[in-house]
Amino acid sequence: MLTSFLQNLVTDNVTVVEGEMAIISCRVKNNDDSVIQLLNPNRQTIYFRDMRPLKDSRFQLVNFSDNELRVSLSNVSLSDEGRYVCQLYTDPPQEAYAEITVLIPPGNPIIEARDEVLSEGNETEMTCTAMSSKPAAIIRWMKGDKELPGTLVELTYDKMYTVTSRLTFTVSKEDDGVPVACIVDHPAVKDFQAQKYLEVQYKPEVKIVVEFPQGLTREGENLELSCKFRGKPEPQRVNWLKVDDDVPSHAVITGADLYIENLNKSYNGTYRCVASNSIGEAYDDYTLYVYDSRAGEGAPRTVDHAVIGGVVAVVVFAMLCLLIVLGRYFARHKGTYFTHEAKGADDAADADTAIINAEGGHTNSDEKKEYYI
């Protein structure tokens, strides 16, 4: 806000877009019935009190009182820009100044591309121009949802500014169909932009899909492979081959599909699907291994049986070792048991004689001794 020296007469600066309306307000804080008038930048009187001496019908009285003179200016143009004077007839006279700034939005941004059709991995260049604005516009670039840095290449001024920005970047196949937007930032406009969609050509992407069988490929069964691909332009040539060998003579190739009946192990090997277009070629491999017709659900089950067999063998071996150790232990501590009553028994005709002949008889029974051999 600009004010006079005595801070009694006040007004405001005004910023307005070309073609719209500006409001100029001359306000008096403590008026003593002094006359208020409004002058243009050439100091011509627009309004004196509530009268308009100036022959310009774009100026209209909005409010007049002892404390305010408010005037509208419609259809503002660049020629209306300047310093307007609020004047109060006092002794000495007071003045306050309202600066009118006119904003001129740029014309529709113009975006141009050096290349209409691109190949993946190549560099391209785009330019965007925002013409005839005031003040100068700011240009930003967006590729999809990512902002890219541009370079200011031209800024011209003849009361109004023309701005040109350049964007350089390398494209990939993921950029195909992605919009590149030139966004113009200017105080007179919002969401002002132009965009161009990228067209990027790229070599094929290839993937082999096993249509049949879903599990193991066994002897006697059939095999069906399908080659899935995409590229831009669409691949026109799709070939099947067997790496380091020939494709079996009875294999049937229909477009992108390979079909082999009655599999046997001689068909083992790597089968390759190759797709190509004007940009390049790509391939995918499938390794065929034909199992016995009695094969189970695959190698993992065979591995499980082998592991179980190995565990059982270790347990049996451990048990055998334990039995041998225990046998040797008992054999070492085993002996023959003799008493004095038994001595001479070998020469006796019967049991009674053996007892009679025993050394010491019953009289020496409390002197028995035991021996371990």
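Tutor: Leu323 belongs to helix 1, which spans residues 299-333; helices here are DSSP runs of H or I with at least four residues, strands are runs of E with at least two, and both are numbered from the N terminus. The model is a predicted one, in which local features require a pLDDT of at least 70 and side-chain atom pairs a pLDDT of 80 or more, whereas totals for chains, interfaces and linings use all residues. Residues are numbered from 1 along each chain as its sequence is written, and side-chain values rest on heavy atoms, with hydrogens and water left out.

Leu323 counts as exposed because its relative accessibility is 58%; the classes are buried under 20% relative accessible area, exposed over 50% and partly exposed in between, with a 1.4 Å probe and protein chains only. Together with Val312, Val316 and Leu320, Leu323 makes a nonpolar surface patch of about 370 Å². Such areas come from the Shrake-Rupley method with a 1.4 Å probe, and for residues only the protein chains shown count as cover. A patch is made of residues with over 30% relative accessible area and no salt bridge, joining like charges within 9 Å and nonpolar side chains (Val, Leu, Ile, Met, Phe, Trp, Tyr) within 5 Å; a salt bridge is a side-chain nitrogen of Lys or Arg within 4 Å of a carboxyl oxygen of Asp or Glu.

Confidence is the next topic. The average pLDDT (the predictor's confidence in each residue, from 0 to 100) is 85, and 83% of the residues score at least 70. Residues 1-7 fall below 50, yet this stretch has 17 contacts in the model beyond near neighbours in sequence, a contact being heavy atoms within 4.5 Å. Residues 298-304 also stay under 50, and the model gives them 1 contact beyond four places in sequence.

Tyr289 occupies the loop between strand 26 (281-288) and helix 1. Because its relative accessibility is 46%, Tyr289 counts as partly exposed. Leaving aside residues up to four places away in sequence, Tyr289 touches Thr217 and Asn268. Its C-alpha atom is 7.2 Å from that of Lys265, a residue 24 positions apart along the chain.

Strand 16 (residues 151-157) and strand 17 (residues 161-170) run antiparallel and are joined by 6 bridges; strands pair if DSSP finds at least two bridges between them. Tyr157 has Tyr161 of strand 17 as its bridge partner. The two strands form a hairpin with 3 residues between them, and Lys159 in this turn has a positive phi of about 70°.

Most residues other than glycine have a negative phi, and most peptide bonds are trans. Asn75, in the loop between strand 8 (68-73) and strand 9, has a positive phi near 50°. Asn262 also has a positive phi near 50° and lies in the loop between strand 24 (257-260) and strand 25 (269-276). Asp91 and Pro92 are joined by a cis peptide bond with omega about 0°; Pro92 is in the loop between strand 9 (82-88) and strand 10 (94-103). A cis bond with omega about -5° joins Phe212 and Pro213, the latter in the loop between strand 20 (200-212) and strand 21 (223-232).

Overall, the protein comprises 2 helices and 28 strands, and 34% of its 373 residues count as buried.
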